Amino acid sequence: MFSLRTVEDTLRIHSYVRERRPSSAVVIGGGFIGVETAENLCELGLQVTLLQRPVQLMNNLDYDMATLLHTEVREHGIDLRLKADVTGFEEVDGRVVTHVAGDDPIGADMVLLAIGVAPESHLAQEAGLELGIKGAIVVNDRMETSAADVYAVGDAVQVTHQVTGEDAVISLAGPANKQGRVVADVIAGMDSCYLGSLGSSVIKVFDLTAASTGLSEKAAHAAGIDCDSVVLSPGSHAGYYPGATPMTMKVVFEKQGLRLLGAQIVGIDGVDKRIDVLATAIQAGMRGDRLKDLDLAYAPPYSSAKDPVNMAGFMIENLNRGILAQWHWEDEPNLPRDGSVQLLDVRTEGEYERGHIDGFVNIPVDDLRNRLSELDRAKPVYVICQSGIRSYIACRILAQHGFECFNFSGGYRFFAAVTEARRGSANVMPCGLEK
């Protein structure tokens, strides 16, 4: 049984794998350490079971975005088990048996525990320093503790979250290094302070990259913020230039005033670039609709003339102006199937036949103007397409003909990825691309 905290722990695990040649491993915990370790052990040829007590991996992501990672790890052969409550361990015939509530025991050659981070603040406690949430060391913006001339930085300190203004513990290397510079400045007599953390992060999960900054939608709701989000599926660069890959972006904003709150991106290429732009915009206090005005570098191998970040701004502006209304994947089970609303899929007939949501009628967007008589202007229309673009066009056509309509945020690819991952299936490729 192993835990992973230091470089020495890494060397110990590596030596065990090299010398003992284990064939199986159980990794407990679906955060950064657990996911990255599970990937590395899988790449070394071990049969890996990844156990996570919550309903999703990577708590910094919203559930819908995390499901894209669920599909990815399962497609690479990892046995991912969510809502798995580990109750204990025992040794049987030289192997570690992990007991899980309501499930069969899991035997493996090795077990790695990555079940969360707690501030290592026992020295501060013994010294009588003030401690805050989770036992983190309380510091001011100069990283000074409650004792004169004593400073603290890194994973063990309590910081201010830049979006909420509330106290937080954010255990990431970027903030820790910046705090160290602040302390050096202050000790040297310079006027320096730490402005707080956004929690910007990025992780490689096999062929995917997942990144986030600021607040997720669930974190914003938990903080009492009335928010909304847009989901889009742009390409990493211009589609007509070879090698473009899709990414899924979710941008969270405050309904009143459109203040940017956070963003999440999952994709193959270009993810880190966009999350850094969005992190900068959040720290600068930009409104979500102003993302459309950012003058970002363009050439076909690197982006589109309307960068994905710009596109998120256009979408937020359309919602704010009332040009468009939207619905989300979690709304689907509650959509009436009694005829009181109209459910419309505007993809091609071939796309519709390969998979669609029950109850949705297919009228391709190219035929919509000629088939408006098939729809009832007195009933709202809920529209979906593959990525959100054609359904947006369909909503504009319908609105101009007197219909009340709602565009699905994210497109059918996103919906299918979320729903398939919820069922534990690996029938959808990363980012919702059909096999």
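Student: Which residues does His328 touch, not counting residues up to four places away in sequence?

Tutor: This is a predicted model, in which local features need pLDDT of at least 70, side-chain atom pairs count only at pLDDT 80 or more, and totals for chains, interfaces and linings use all residues. Residues are numbered from 1 along each chain as its sequence is written, and side-chain values use heavy atoms, leaving out hydrogens and water. With contact taken as heavy atoms within 4.5 Å, His328 touches Asp228, Ser229, Phe408 and Ser409.

Student: With which side chain does the side chain of His328 make a polar contact?

Tutor: A polar contact is a pair of N or O atoms within 3.5 Å; within protein, one must be able to donate a hydrogen and the other to accept it, and residues adjacent in sequence count only if both atoms are side-chain atoms. At 3.3 Å, the partner of His328 is the side chain of Asp228.

Student: Is His328 buried or exposed?

Tutor: Buried means under 20% relative accessible area, exposed over 50%, and partly exposed in between (1.4 Å probe, protein chains only). Because its relative accessible area is 14%, His328 is buried.

Student: In which helix is Tyr412?

Tutor: Tyr412 has a relative accessible area of 10%, so this residue is buried. Helices (H or I, at least four residues) and strands (E, at least two) are DSSP runs, numbered from the N terminus. The helix of Tyr412 spans residues 411–422 and is H11.

Student: What is the relative accessibility of Tyr241?

Tutor: Tyr241 is in the loop between strand E14 (227–232) and strand E15 (247–254). This residue counts as partly exposed because its relative accessibility is 37%.
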